[in-house]
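Here is a short briefing on one protein model. Look at the sequence and the structure first, then read on.

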Amino acid sequence: MTPQTVQTLKELARGLLLAATAGAFLALSNAFTQGQPPLTLRLAYWIPLMITGGLWGHFCSLLACRWIDPAERPWLASAVMSAMIALPMTVVVWAVTGLVYDGRVYPLSWLPAFLLPVTIICAAMCVLNVFLARGRTIQTHAAAPGAAPARFLDRLPPRLRGARLIAVQAEDHYLRLHTDRGSDLILMRLSDAVAELEGLEGAQVHRSWWAAKGAVRDVSRGDGRAVLTLEGDLKVPVSRVHARRLRAEGWW
């Protein structure tokens, strides 16, 4: 199992645990419920419902993060994810609420009444998850002595085989591979590439960039952002959150 897969599973587990905890809190506080239904019924309603929302939210976050970097624009990312999650979850909540509390599906005309409370809960959960994950920087590590080289090196085009990898840059659906012998494009996602870069010391320093730590020659700051100068005078932007973590890790 790759470090990237492990990290994704950890994020999913953390999100589901947070959702279940929120569900228990909503059940105990009798939130958004008329009357005083039994606590066991409220727990059986809220916890599975919140976990379902957490699973759907994880999928929505994977989609949203292709276009918006939560580390750079956390509030925009939270708003977009909230909208993606809330609309379908409103339908789910409308259907489940009637079945659990009244043994029937509520009339379709009641559906809009569920939109606001569902959106509030989704927004709160998205903000919590985005800001909890915001400080994470995915780093790759040099291979141990005698270990196999990074799998990603097998993807280098023939003319670059044996070259030293300096950086990987996302360009639409392609990756531009910057090496000490030039650059070339391959068809691949950066998130998949980072998983295969384990065995080379580096980090994803920006939504669109992975950089080799040993290739860093200088770092400059402008407009509150860090820019790495790598071997070959290659300029690589660093996200603000990643800059704090990388500086603490001794990148500069």
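The points below cover the nonpolar cores, the cysteines and a surface patch. The model is predicted. Its largest nonpolar core has 33 residues, and a second, separate core has 28.

**The largest core**
- Six residues touch the most other members of this core: Phe-152, Val-168, Leu-175, Val-205, Leu-228 and Leu-230.
- Elements giving two or more residues include the strands β2 (165–171), β3 (174–179) and β8 (225–230), and the helices α5 (190–196) and α6 (240–248).
- Take Leu-175 as an example. Beyond its neighbours within four places in sequence, Leu-175 is in contact with residues including Phe-152, Val-168, Leu-185, Ile-186, Met-188 and Ala-193.

**The second core**
- Among the members of this core are Ala-31, Cys-60, Ala-86 and Val-130.
- Cys-60 counts as buried because its relative accessibility is 0%, and the cut-off for buried is under 20%.

**Cysteines**
- The structure holds zero disulfides.
- For Cys-60, the nearest cysteine sulfur belongs to Cys-126, 8.2 Å away.
- Cys-122 is in no disulfide either. Its nearest cysteine sulfur is that of Cys-126, at 6.3 Å.
- Cys-122 has 10% relative accessibility, so Cys-122 counts as buried.

**A surface patch**
- Phe-32, Leu-116 and Ile-120 form a nonpolar patch on the surface. Together they have about 340 Å² of accessible area.
- Ile-120 lies in helix α4 (residues 111–133).
- Is Ile-120 buried, exposed or partly exposed? At 46% relative accessibility, Ile-120 counts as partly exposed.

Conventions: Residues numbered from 1 in each chain as written. Predicted model: local features only at pLDDT ≥ 70, side-chain atom pairs only at ≥ 80, totals over all residues. Heavy atoms only, no water. Core = buried A, V, L, I, M, F, W, Y, C linked by side-chain atoms within 4.5 Å. Buried < 20%, exposed > 50% of the residue type's maximum accessible area, 1.4 Å probe, protein only. Helix = DSSP H or I, 4+ residues; strand = E, 2+ residues; numbered from the N terminus. Contact = heavy atoms within 4.5 Å. Disulfide = S-S within 2.5 Å. Patch = residues over 30% accessible without salt bridge, like charges linked within 9 Å, V, L, I, M, F, W, Y side chains within 5 Å. Areas by Shrake-Rupley, 256 points an atom, 1.4 Å probe, with all protein chains shown as cover. Salt bridge = Lys/Arg side-chain N within 4 Å of Asp/Glu carboxyl O.
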